[in-house]
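This report describes a single protein chain for a reader who is new to structural work. Please keep the sequence and the model in view while reading.

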Amino acid sequence: MLGGFLNFGIYGIVLMALALVHFARKRPDTYWLYIILFLGPLGALVYLVVEALPELSDPGAFKGFQRRSRMRELEMEILNNPSAGNYEELGLLYIDSGKWQKAREAFDKSISSRTDSPDPFYRRGIAEVELGDFAAAVPDLERAVAADPKYDFHRAKGLLAYAYAKTGQTEKANAMFEEVTRISTLTETQYHYAEFLNEQGRSAEAREWAQRILQKRATMPGFQRRRDRPWFWRTRTLLSKIRN
């Protein structure tokens with residue numbers, strides 16, 4: 001590895017720093033960490049070419065810059081025009097940026113007694129789930145599912161099953177998980193179901209679902225596989241905890 005540093009100079013340090021930061025954020029397969037550490041700058045370069053470079057071709061790869069710019073515009077615009085539409089758009093941008101508390105507050109302000117669209121309730125429910133406030137998420141997600149059982153390609157129903165599980169409504173959670181996993185292939189929903197099964201002591205079923213998630217990774221398009229990395233990482237962790 002020392003020879004690699006000498007050949008790459010300061011660029012080798014930069015390459016390794018970039019590769020390690022990317023690895024920490026994206027959590028790809030663990031073997032990449034060993035390649036980066038043991039092969040040094042050369043390993044870091046290979047990692048960035050194979051794992052990071054393809055992300056530039058992903059749909060929405062450069063939307064982050066536009067999102068931050070639009071977010072700043074709306075934050076200023078709301079000072080003069082605090083309309084429900086502006087707050088709803090801002091809430092969506094906060095969700096895309098992972099700013100869950102701000103998203104929740106924006107949807108609180110966008111929702112009024114005249115709001116008849118289920119979408120702001122659904123989006124607020126997502127933020128509440130991410131914040132761990134499952135009791136608040138349940139009625140918001142129920143509203144979306146009641147409006148359309150297929151809402152957001154069945155993700156609303158999957159999140160509602162998860163919220164039921166986290167609020168001790170085991171029978172409702174089990175029934176809804178069984179229903180939604182028959183029609184949805186969303187990795188998030190499948191992971192939550194495997195987690196629920198394990199918590200209920202149904203180890204064999206939990207292991208089967210966890211293995212199913214990891215097996216489907218090989219057949220996914222590249223961009224989808226990269227987006228589902230956090231769920232694969234969690235699944236491997238869950239699988240290691242499931243009792244035989």
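## Charges in a predicted model

In counting charged side chains, Lys and Arg are taken as positive and Asp and Glu as negative, while His and the chain ends are left out. On this basis the protein, shown here as a predicted model, carries 35 positive and 30 negative side chains. The centres of these two sets are 5 Å apart.

## Overall architecture

How many helices and how many strands are there in the protein? The protein has 14 helices and zero strands.

Along the principal axes, the C-alpha atoms occupy a box of roughly 65 × 55 × 25 Å. The accessible surface of the protein amounts to about 13600 Å², and carbon and sulfur atoms contribute 55% of that surface. The chain has 244 residues, of which 42% count as buried. Among contacts with a separation of 6 or more, 50% are between residues 24 or more positions apart.

## A nonpolar surface patch

The surface also carries a nonpolar patch, consisting of L39, L42, L45, V46, V49, V50 and L53. Together these residues have about 580 Å² of accessible area.

One of them, V49, is located in helix 3, which covers residues 31-52. The relative accessible area of V49 is 46%, so V49 is partly exposed.

Is L197 buried or exposed? L197 is buried, because its relative accessible area is 0%. L197 sits in helix 11, residues 187-199. When neighbours within four places in sequence are set aside, the contacts of L197 are R202, E205, A206 and W209. V180 is 17 residues from L197 along the chain, and the C-alpha atoms of the two are separated by 14 Å.

R104, in helix 6 (residues 100-110), has a charged side chain of the positive kind. Its relative accessibility is 17%, and R104 therefore counts as buried, the limit for this class being under 20%. Not counting residues up to four places away in sequence, R104 touches R124, A127, E128, L131, D133 and A136.

## Positive phi angles in a loop

Most residues other than glycine have a negative phi. Which phi value does D152 have? For D152, which is not a glycine, phi is positive, at about 55 degrees. F153, also not a glycine, likewise has a positive phi of about 55 degrees.

D152 is placed in the loop between helix 8 (134-147) and helix 9 (155-166), and F153 is found in the loop between helix 8 and helix 9 as well. D152 is partly exposed because its relative accessibility is 27%. F153 counts as exposed because its relative accessibility is 74%, the limit for that class being over 50%.

How values were computed:
Residues numbered from 1 in each chain as written. Predicted model: local features only at pLDDT ≥ 70, side-chain atom pairs only at ≥ 80, totals over all residues. Heavy atoms only, no water. Patch = residues over 30% accessible without salt bridge, like charges linked within 9 Å, V, L, I, M, F, W, Y side chains within 5 Å. Areas by Shrake-Rupley, 256 points an atom, 1.4 Å probe, with all protein chains shown as cover. Salt bridge = Lys/Arg side-chain N within 4 Å of Asp/Glu carboxyl O. Helix = DSSP H or I, 4+ residues; strand = E, 2+ residues; numbered from the N terminus. Buried < 20%, exposed > 50% of the residue type's maximum accessible area, 1.4 Å probe, protein only. Contact = heavy atoms within 4.5 Å. Charge placed at Lys NZ, Arg CZ, Asp CG, Glu CD.
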